[in-house]
Amino acid sequence: MKVKIKSWRGVAVWKWIANDDNCGICRNGFDGCCPDCKMPGDECPLVWGQCSHCFHIHCIMKWLNSQNVHQLCPMCRQEWKFKE
Amino acid sequence: MSLKPENVDFNEIWSRLRSTIDSVIVLSKVERKEWSERFSDVYKLCVAFPEPLCDRLYAETKAFLNEHVIVLNKAITAQDSATGEDNLLVDYHKQWLVYRDGVNYLNKLYWYLNQQHIKKQKFSDADLSYGCVEVSEQKLEIWELGLHIWRKNMIEPLRDNLIRLLLAAIENDRLGKSTNETVVQGVILSFVNVEEYKKKGSLDLYQEIFEKPFLEATGEYYRKEAEMLLQNSDCSEYMERVLSRLSAENVRSRKYLHPSSFPKVTSECETRMIAEHLQFLHSECKPMVLNNRRKDLQNMYKLLKPVEGGLPVLVKEVQDHITRIGLQAVCNLEGDGVPQAFVENILKVHKDNSNLIREVFSNDQLFIGALDKACATVINHRTVSKQPCKSPELLARYCDSLLKKSTKGMNESEIEERLSQSITVFKYIDDKDVFQKFYAKMLAKRLIHTQSVSMDLEESMINKLKQACGHEFTSKLHRMFTDIKVSEDLNNSFNAYCKDMKVELGGINFNIFVLQAGAWPLAQGAISSFAIPQPLEKCVTNFETFYNSKFNGRKLTFIHHLSMSEVKLCYCKRTYIVTMGTFHMAILLLFESVNSLTYKEIEENTKIADDQLIKHLNSLVESKLLLTSLAESAQVTPETNYSLNLNFVNKRSKFKITTVVQKEVQQQQEVEQTHASVDEDRKLYLQAAIVRIMKARKVIKHNSLMQQVIHQAKNRFTPSVTMIKKCIEALMEKQYLERTPNTTDEYSYVA
C-alpha cells in the first residue's frame, strides 16, 4: 500500500429527524427548544407519537396533562401513544 | 430647725442672705454653717406664712446681680481707660471665670427656690416650640438669671470693644505674632456659655456678635492674601500655599472657635482663595494633565473638590487626555501583531490611568467615570465611520492567539492573567455581539482542530465572559464546549461497542466529534459533496449504526472538510507520518494503483466541489507531495495532470499539511460575513425585545418603545434607530402590532 490511514478524526453534526420544521404546539423550530427551556439539545428532546407526529417532550406533556378525558394528538386528534 | 411654715421678717433674713451671697459671687470663703443656714433661709422665705415670699426674694436677688455686674463692668472699663485697652480681654476673661462659678454656687444655694417655685412656672417645651407664650415673662432659674444679666450688663456694653480686640488678636495669630490663646478662646466661648441654658437659639448671640464679623474679617483677610499670593507665585506655588493656609486656618478654628463654626470658616476661606479664582485654576488644569504633573494635580484635586463647580473642568481635561493618548496608542497599528498590540496598548493606557486616579485623585468616582468614558470612546472608535468598529474582532483574535497551542513561553497562569485583563477591554466594547460571533468562530476552530492550549483555560474564559455579560451571552459557547466533552464519552462507549460486537475498523484509530447543529458557527454553504474513501466507510457506517441505536430520531451528517487524518506514506525512501485534512487524504488514496491522474479523474472519484478541490490540490502541490504539469498561476483545466512525487524528501518524518492559509481577500470576506450574520441576529433580538415590551405594555408611544428597546439591548450592542424602526415595520407586517387607530406615534399589540 502506498498510503495507509493511521487514524481519522471525523466531525459530524446531528439534527432531529422530524416530519416538520416546527413543533406544532409551541411553533418553535425543532432546532431550537420549547419556550420553557434555555437551550436545545439533550435537555429538551423530541418525542414521536404513533400517529407519526412529533413535538418537544415538554410541550406534549403539558398538553396531555391539560386534557381531562381523552389524550389526543393535538395535530390529528387520534389517541396519543408514544412511539416505542 | 423647723420645716413648718412660719411668719418671717423678709428684711431681716434678706440682709443675712445678702451678705453671704456677696461672698459667694466673688468666690470668697463661706463657712459650712453659714452656708447651711442661708440654705434654710431661702427655704423659709419660700414657704413663709401667711404669704410665701418667693417673688420678693427673686426680685431682690435679680436686683443684686444686676448691680453686681454693673459694678464689675464699671471696674473693668475704668481700669481699661487707665491702662490702655490691651487688658480688656484679660480683665473680662478673669471676671467672667469668677462670675460664672459664683453664679453656679449661688444656684445651689437657691436650690429650693429653683425647684419649688421657678421650675413649676416654667413653660413646657411644647408651649415654647409653638411660640404662644412670651419667653421674657418667664422667671429664670438663678444661674440662668445670672447669665442673662451678665449678657445684658456686661457683654452688650463692651461688645464693640471686645469684638474689635478679638479680631485683632486672631489676625495677629495669622501673622504669626503671639496671642494669649486661653484668653481669646475663653472670651469667645463665653458668648456661647452665657446662652447655653436656652433650649432654642443658644448660639444666636455667638453667631450674631462674633461669628458674623469674624467670618467677614476672615474673608477679607484671605481675599487680600489670595491676591498677594497670585502676584508672587505661579500656580503650583499658589496651590501649595493655599493648602497650607487652609490647614493652618483649620487648626486656628479648633484653637479658638465653637465647633459649629469650623465648616463655615473653611468654606469662607475656600470661597476666597479657590472659588473666586476658579478661572485661573481651571486654565492651569490642561498643562498639568498634559505633562502629568502628579503633585500639582493632587493639589489641584484637593483644592477643587470642596468647591462647587470646581472639579468638572479637571475631570473633563483628564478624560480628554486619556482619550487622546488612548487613540494614539491604538490607531495606525500595522503588521502581524495588531490584535496583541491593540489589546496590550489599551490595557497599558487603562492601567497607567487607573494608577493615576488611585494615587492622585483618591479613586474619586468622577475620575473613574471619566476613565471609563475615555476607554469606551477609544475602544469603540471607528477609523472609518461607515465601517463597523474593529475592536471586537481584534479582541477576539487576541484571545484566540492566547488560547491557541502555538503560544510559546507562557505558562497557564500567565495566559489566565492575560485573559482576565482582556475582560477589562471586553467590558468597554459596545458591540459585544460582534465579539461573541468572532469568538465563537475561533473557539469552534480551536475545538475542532484540537488546537486549544488547555480545556481548563477555555472553560475559565467562557466563565469570565458569562460573569461579565450573563448566561444568555455565553450559552452557545457553553454548548460547544459540552459537545466536545460529551464526544469524549461517546468515543469511549463506541470503542466498547466495537469490542463487544467484534467490529473491525480496518486498523484505523477512529474517533469523532458529534456536534449539535444549531450551536456551532459552521458555514453551511461550505459543505462540499464528498465520496467517502472506501477505507473509511466501515468507520462511518458502524458509527452511524451505533449512534442511531443510542439516540432516537437524530440525523447525523458528517462534515468532512473539518475532519483530520493521520496518514503513513510508504512509497518514498523513508516512511513519513503526515497529518492532513480528509480531502487531502482522499486525493492521495486515489494514487494507490497509478502514479498519475488528471484533474477530471480526481474530481469524478472524490466528488469534491471544484473550489475545495483546487484548494486542496494546490496545498498538496505546495508541500511537494504531488507534482503538476500546470504552470504557476495558470488556470486548472479538466486535463491538468497531477502525479505522485515518488522522490519526496522531508527533513522531518512527522509533519502536517495545513489547510491552505486564508488569503487576505477571503479573510476580509469572512469578516464581512460575520458582520452580516451579526446584523441578522440583531434584527431577531430587537424584534423579540419589541414583542416582549409590547406584550407587557399593550399600548406604547413610539419614543418610549425606542428607549426601552435600546435599554434592553444595551448589554449586547447599541442598536441603530433605523434598525429598530425597520424591525417595528417588519413586526407590523407580520401583524404582531399595529398603529393605534387615529394616532400618529402609538403602537398597540395584536394578541
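Which helix of chain B lies across β5 and β7? Helix α24 (residues 599–606) does, running at about 85° to β5(B). The model is predicted: local features need pLDDT of at least 70, side-chain atom pairs count only at pLDDT 80 or more, and totals for chains, interfaces and linings use all residues. Residues are numbered from 1 along each chain as its sequence is written, while chains are lettered from A and ligands numbered from 1 in the order in which they are written.

**View 1. The β5-β7-β6 sheet of chain B.**
Three strands form an open, antiparallel sheet in the order β5-β7-β6. The edge strands are β5 (596–598) and β6 (626–628) of chain B, each pairing on one side only. From one strand to the next, the twist averages 25°. Three bridges pair β5(B) with β7 (residues 641–644) of chain B in the antiparallel sense. Within that pairing, B:Ser596 stands opposite B:Ser643 in β7(B). Helices (H or I, at least four residues) and strands (E, at least two) are DSSP runs, numbered from the N terminus. Two strands pair if DSSP finds at least two bridges between them. Angles run from 0 to 180 degrees between N-to-C directions, with axes fitted as lines to C-alpha atoms, for helices over the stretch in contact.

**View 2. The β9-β11-β10 sheet of chain B.**
This open sheet has three strands in the order β9-β11-β10, with antiparallel pairing. β9 (699–701) and β10 (737–739) of chain B stand at the edges with a single partner strand each, so one side of each is left without a neighbour in the sheet. The twist averages 30° from one strand to the next. β10(B) pairs with β11 (residues 746–749) of chain B over three bridges, in the antiparallel sense. B:Arg739 has B:Tyr747 as its bridge partner in β11(B). Helix α27 (residues 702–713) of chain B packs on the sheet and touches β9 and β11 of chain B. The direction of α27 makes about 90° with that of β9(B). Two residues are in contact if their C-beta atoms, placed from the backbone, lie within 7 Å.

**View 3. Domains 2 and 3 of chain B.**
Domain bounds come from an automatic or database domain assignment. For chain B it gives domain 1 (10–122 + 135–202), domain 2 (430–543), domain 3 (563–661) and domain 4 (665–749). The centres of domain 2 and domain 3 of chain B, taken over C-alpha atoms, are separated by 27 Å. Six residues from domain 2 of chain B and nine residues from domain 3 of chain B make the contact. The domain 2 side of this contact divides into three nonpolar, three polar and no charged residues. Here Ala, Val, Leu, Ile, Met, Phe, Trp, Tyr, Cys and Pro count as nonpolar, Asp, Glu, Lys and Arg as charged, and the others, Gly among them, as polar.

**View 4. Nonpolar cores.**
A nonpolar core is a set of buried Ala, Val, Leu, Ile, Met, Phe, Trp, Tyr and Cys residues joined through C-beta atoms within 7 Å. The largest has 160 residues; B:Leu166, B:Met300, B:Leu395 and B:Cys399 have the most contacts inside it. Helix α7 (residues 142–174) of chain B gives the most to this core, with 14 residues. Not counting residues up to four places away in sequence, B:Cys399 touches B:Leu419, B:Ser422, B:Tyr439 and B:Met461. Another core, of 14 residues, lies apart from it and includes B:Leu686, B:Val709, B:Ile724 and B:Tyr747.

**View 5. Where chain B meets chain A.**
The contact takes 41 residues from chain B and 24 residues from chain A. On the chain B side, β1(B) gives the most, with eight residues. That side divides into 26 nonpolar, nine polar and six charged residues. Strand β1 (residues 3–16) of chain A runs antiparallel to β3(B), joined by six bridges. A:Lys4 stands opposite B:Lys568 in β3(B).

B:Val98 lies in helix α4 (residues 88–109) of chain B. B:Val98 is partly exposed, with 14 other C-beta atoms within 10 Å. A residue is buried if 20 or more other C-beta atoms lie within 10 Å of its own, exposed if 12 or fewer, and partly exposed in between, with C-beta atoms placed from the backbone. B:Val98 touches B:Val26 and B:Leu27, not counting residues up to four places away in sequence. B:Ser81 sits in helix α3 (residues 54–83) of chain B. B:Ser81 counts as exposed, with 10 C-beta neighbours inside 10 Å.
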